[in-house]
Amino acid sequence: MVGVVNYFREIAQGLYTLMVGMAVTFRNLFLPAVTVRYPHETLQMTPRFRGPAELIRDGETGQPHCVVCMMCQRACPSRCIAVEGEKPEGGKRKVPTKFILDFTTCSLCGLCVESCKFDAIRFSKVYNLASTRKEDFILDLLNPKATRGASCS
Amino acid sequence: MSVDATTIQGETFVVNMGPQHPATHGVLRIKLTMDGEYIMNAEPVIGYSHRMQEKMAENRTYSQYFANIGRIDYVGAMIYNFGYACAVERLAGIPVPERAEYIRVITSELNRIASHLLWFGPFIIDLGGLTPLLYAFDDREGILNLLESVSGARLTFSYFRFGGVCNDIDDDFVAGCRAFISRMRERLTLYRRLVTDNIIFRKRVEGIGVIPPEICRKYGATGPVLRGSGVAYDVRKDEPYSIYPLLDFDIPVFGECDSMARYRVRMEEMNQSLRMIEQALDKLPSGPFMAEKVPRILKPPKGDCYFNVEGARGSFGIRIVSDGTEIPYRLKLRTPCFANLSLFEEASRGMLLADSLALLGSLDLCIPDVDR
Amino acid sequence: MTELLSIEPIRMLVFLVGTILFVALNAAYLTLLERKESSWFQRRLGPTEVGPWGLLQPIADGIKLAGKQVIVPDGVDKILFVLSPIMVSVPVIMNLATIPFSDTLVARNIDLGLLMILSFTSFNVMGIMFGGWASRNKYSVISAARVVAQNVAYEIPMFLIAISLVMVTHTFDLRETVLLQTGGFWNWNLFKLGVSPLMPAACLLFFVCLLAETNRSPFDMMEAESELIAGAITEYSGMGFGLFFISEYANIVVGSCLVTILFLGGWNCPFGLYPGLHWFFVKMYGIIFVVIWIRWSFPRIQFYGLLNLSWKILIPLSLAHLLLTCVMVKIW
């Protein structure tokens, strides 16, 4: 007799848990969707977001602060920064003539940004990088608009 | 539902649960020798994701290796960062300020919850329920947004540095954490009602994949796998580090040894992590977040050092041998998933194929962690 | 118009075209409904890009499927391979010939309508068996064998409940069954507790058998047991695959029509005011909503659990219900 009662009780309890589960999903029917409809809507990145690196330029002259000390190139674990520079005529410090960031190997670790003592490099807020060619991700930081991949958002 | 392997007669055939498979959560190949529906032998073949992390350590300085360490178990990257930072700090004798310790523990426990949520979704998908994944990822978004606001990345945080953390946390983060904690407590109730109490789910995992504690000990399994078999070992309690001795939390241990026990261990661990984060936020001191006078190029003294932390999947150990230069001589990673996977062969003998997938899912493997 | 319709061949042609259109549109738009409904439960948006609110999505899917190459693998049993999707989809469409959508809208009202529908749903099983056997793939055979076991196990309680209903209504004729439920909802078979106090439980059992017969989650061994195998329909591509899916959704439609007619009063209004086709559709789509809701809420049942449920729980309960109905009908 106890066996029969247990049999029915198990069925009833099982059915009850199923109903509770269905009630949970039913409640979610009335909650709004959490999807962000990209590209019709875009997201705002947090201030510390790590996008590909960019050079910080002086407000008035538009020249980058970089003095080609090569600390970032030495700090990078993936060897993806290539900097070259020269001292211009009558100038006091070196000026970069070539600053290439190979974004295909960059791991966004932040060591280049931390090792720079001249406040010359920082992370950008670009997140919507998409391209069909690998060349678009060899970023030339001195002429950012020239590369198609690094479109600023 | 298990059959003694030696009494089955008839022909057996070899089947590959190949490197590309929706249920193996990574590139894992399992060579199954099957007799009809029952598994006679399951041999995992690993190495498809081997990236030579230990060799790469011999070519990078200590700071440069932070980028690598987060990518070993990318789901619980913050905890692995913790282990590496602590190992090098112990070797080089760098003290860590108190605020940095608290920040480290808060972010690590947030990462642990995110890792368990990432395990929860695919585990239920393996069993056929596709909806809890979306709910778990919704919660995970909250955590990843918080961690992004503080470190800048959502998965591969290179947030820790020797002597502390690289950025400080602000009041927005603290408020966000508290809001997340109260929201997550309700969501844990939701998961209990939707999944844990569900009779269909219970029939799929109760009594399935029994791993007795002797087998766990034999293969060195740690983490929720061990705690689901009744052994109360957790690195945070047994070999405490950082500020864990100051926090009040329990270690969930269940003795049934089946997949349900491991599931319940992880769900309860999420609860305990919430408790820890709350206490740490209450006690958060002010002060520096980074030790002073840490050399830019770190050259630890000659010697070797081993440090053990409780990763999301088990005990993660890291051994560093230094020869006095800025590049380590040898770095050895003891990853939990390698040991956890090795018991799959013995534990899955005589099981039905579908049940073995419940077992594999409950082991919570991250294959790059196995292969390094 | 009605004189035209009274000419038998024209009437048959109209119903033929109408039924096929109904099945095709339903199969197409039920896929969209499933995707949209699953996305509502999961707090995301379903298809939205193709057409407004994704309404042209099924058409895009259909064009894609029709454009795929129909591969007949080497060494298969060609006759059975080609016959299998046909055997699965044709009986389902034939079932719709007897279903009364409203008082006057029924293609051919056969007085053994219920028996015909129940027997044609068994063809489904044979079609899948042929498909699994004909593909030269041992995993398809294993999967097809499982589907046969599942369907046979769940047909039995379904037939037992149908028999007990026939004892209550004294007729196999589906239109008569609905006519006996006119009036408010208290006249529906679901609530005829005076005749059989377990009637709501019987409706639930019938619904569970419907889920299992149509291979829907949580009983979807055939389609989603993709741990190793993709099921009995692995080797089918293009329109062969499309036919299997049309037949699955058509089965769901026929099954929910059956539940509506047998238990929920067919085309009758709950308050007896304006009976008609619209009420039938409201109830039918309500049941389809519940079928989809169940799919997205629960994990899958294990195979032995599925057979246990049928043989150890559903069959004893439906036998008990049959006995109870006999006793109640005889005494009262």
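How many of the 332 residues of chain C count as buried? The share is 41%, where buried means 20 or more other C-beta atoms within 10 Å of the residue's own, exposed means 12 or fewer, partly exposed lies in between, and C-beta atoms are placed from the backbone.

Before the tour, some ground rules. This is a predicted model, in which local features need pLDDT of at least 70, side-chain atom pairs count only at pLDDT 80 or more, and totals for chains, interfaces and linings use all residues. Residues are numbered from 1 along each chain as its sequence is written, while chains are lettered from A and ligands numbered from 1 in the order in which they are written. The model scores ipTM 0.86 and pTM 0.90.

**Stop 1: chain C**

The average is 85, and 96% of the residues score at least 70. Go to helix H1 (residues 2-6) of chain C: confidence in the chain is lowest here, at a mean of 69. Where pLDDT is low, the predicted coordinates should not be read in detail. Now jump to helix H12 (residues 277-295) of chain C, where confidence is highest, at 91.

Switch to cartoon. Chain C shows 13 helices and 0 strands; helices (H or I, at least four residues) and strands (E, at least two) are DSSP runs, numbered from the N terminus. The C-alpha trace spans about 60 × 55 × 45 Å along its principal axes. Chain C has a radius of gyration of 20 Å, which agrees with the value near 20 Å for a compact globule of 332 residues. That radius is taken over C-alpha atoms, and the globule rule is 2.2 Å times the number of residues to the power 0.38. Of the contacts in chain C with a separation of 6 or more, 76% join residues 24 or more positions apart. A contact means C-beta atoms, placed from the backbone, within 7 Å.

Next, pick C:His170. Its place is the loop between helix H7 (138-169) and helix H8 (174-179) of chain C. C:His170 counts as exposed because it has 11 C-beta neighbours inside 10 Å.

**Stop 2: where chains A and B touch**

Show chains A and B together. The contact takes 21 residues from chain B and 20 residues from chain A. On the chain B side, helix H2 (66-69), helix H5 (131-151) and helix H6 (171-196) give two or more residues. H5(B) has the largest share, 5 residues.

**Stop 3: a sheet in chain B**

Stay on chain B. Three strands form an open antiparallel sheet in the order E6-E7-E8; strands pair if DSSP finds at least two bridges between them. Its edges are strand E6 (303-310) and strand E8 (330-334) of chain B. Strand E7 (residues 315-322) of chain B is joined to E8(B) by 5 bridges. Select B:Arg319 and you will find B:Lys332 in E8(B) opposite.

**Stop 4: two loops in chain A**

Centre on A:Pro39, in the loop between helix H1 (2-28) and strand E1 (53-55) of chain A. The peptide bond from A:Tyr38 to A:Pro39 is cis, with omega near 0°. Finish at A:Leu108, in the loop between strand E3 (95-102) and helix H3 (111-115) of chain A. Its phi is positive, near 55°. A:Leu108 has 18 C-beta neighbours inside 10 Å, so it counts as partly exposed. Most residues other than glycine have a negative phi, and most peptide bonds are trans.

How values were computed. pLDDT is the predictor's confidence in each residue, from 0 to 100. Two residues are in contact if their C-beta atoms, placed from the backbone, lie within 7 Å.
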